[in-house]
Amino acid sequence: MKKFTGLLLVMLAYGFISHTALAEEEKTALVPLPSVDDFTKGEDGWAFALGLGVEYESAYEGSDEFGFEAQPAGAIQWRNGDDIFYFAGEALGWRGLRADKWLFDAAVAFDEGREEGDSDEGYLDGLGDTEEATELVLQTRYALDDDWRYWLVGRMVTGSNGNLGLFGLGYRFGDQLDGTGSEINLVGVFHDSEYANNGFGITAEQSAASGLPQTNLDGGFRSIGIDYTYRYYLNENWQIFGEALYEHFSSEVQDSPIARSDYEAEVSIGFIYIF
């Protein structure tokens, strides 16, 4: 991480010295939404972006402990018209625009799971680590107008840890077409019992080891969430991005001994250099 951070600082210095003017010509993104990474600047072929973000977030789902964490940002992308194939950290996928109103996204992603040591206060002692998993993430957005001012969003996450679904409505601020500006989404989240118990359930064995009561959750409504995304070109090559997320858990999730808070929250900010 120290070598990565040092490289990023060198790139920052070079970028601000060599590129002092903002891009004069706005490039059209696949869709003009800040939450949909598009580093191609409207051109077919390869695009590369590398950066670093800093997150202040809940230590784990349901935690009342918070902390800072540095995360790499950026992606490798290849665009062909209305299709982009990408590799972004722990996800490999494709997204495509159809009929100017439908955005489809399919990706294979990696979930690191939860570790017993994620709680500095020892609240997870005896629960062990949840399993790491490979997940299939399917998402679609449908624009309710011609310029993607409003849209509907649906997402399905499925894997060995169960299934999660998300449905909601989004709104975009500003008139930029290059994927910058800001947007807000309001969503409802649902999970099956396997996914719910992977995060908030306590087996008989875990109960004996931790002293927490045995807990088994049903599937159904999980939470309501709101997230805000911001993205801005500092110049031709540099972007600054930020995100704020709040998820308020259902009463069943809140009743789990693992959920020491009735919400999860995250704020992040970072920089990306586009080659």
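Which residues form one aromatic cluster? Tyr56, Phe66, Phe68, Tyr246 and Tyr263 do.

## Basis of the model

The model is predicted; local features need pLDDT of at least 70 and side-chain atom pairs count only at pLDDT 80 or more, while totals for chains, interfaces and linings use all residues. Residues are numbered from 1 along each chain as its sequence is written, and side-chain values use heavy atoms, with hydrogens and water left out.

## Overall form

The protein chain has four helices and 12 strands, taken as DSSP runs (helices H or I, at least four residues; strands E, at least two) numbered from the N terminus. The C-alpha atoms of the protein chain fill a box of roughly 65 × 45 × 25 Å along the principal axes. Of its 275 residues, 44% are buried (under 20% relative accessible area, with exposed over 50% and partly exposed in between; 1.4 Å probe, protein chains only).

## Aromatic pairs

The whole structure holds 15 aromatic pairs (ring centres of Phe, Tyr and Trp, its six-membered ring, within 6.5 Å; planes under 30 degrees apart are stacked, over 60 edge-to-face, the rest tilted). Tryptophan 78 and phenylalanine 85 form a tilted pair, because their planes lie at 35 degrees, with the ring centres 6.1 Å apart. Tryptophan 78 is partly exposed at 32% relative accessible area, and phenylalanine 85 is partly exposed at 41%.

Tyrosine 246 and tyrosine 263 are stacked, at 5.3 Å centre to centre and 25 degrees between the planes. This pair links strand S11, which holds tyrosine 246, to strand S12 (residues 263-274), which holds tyrosine 263, 17 residues apart.
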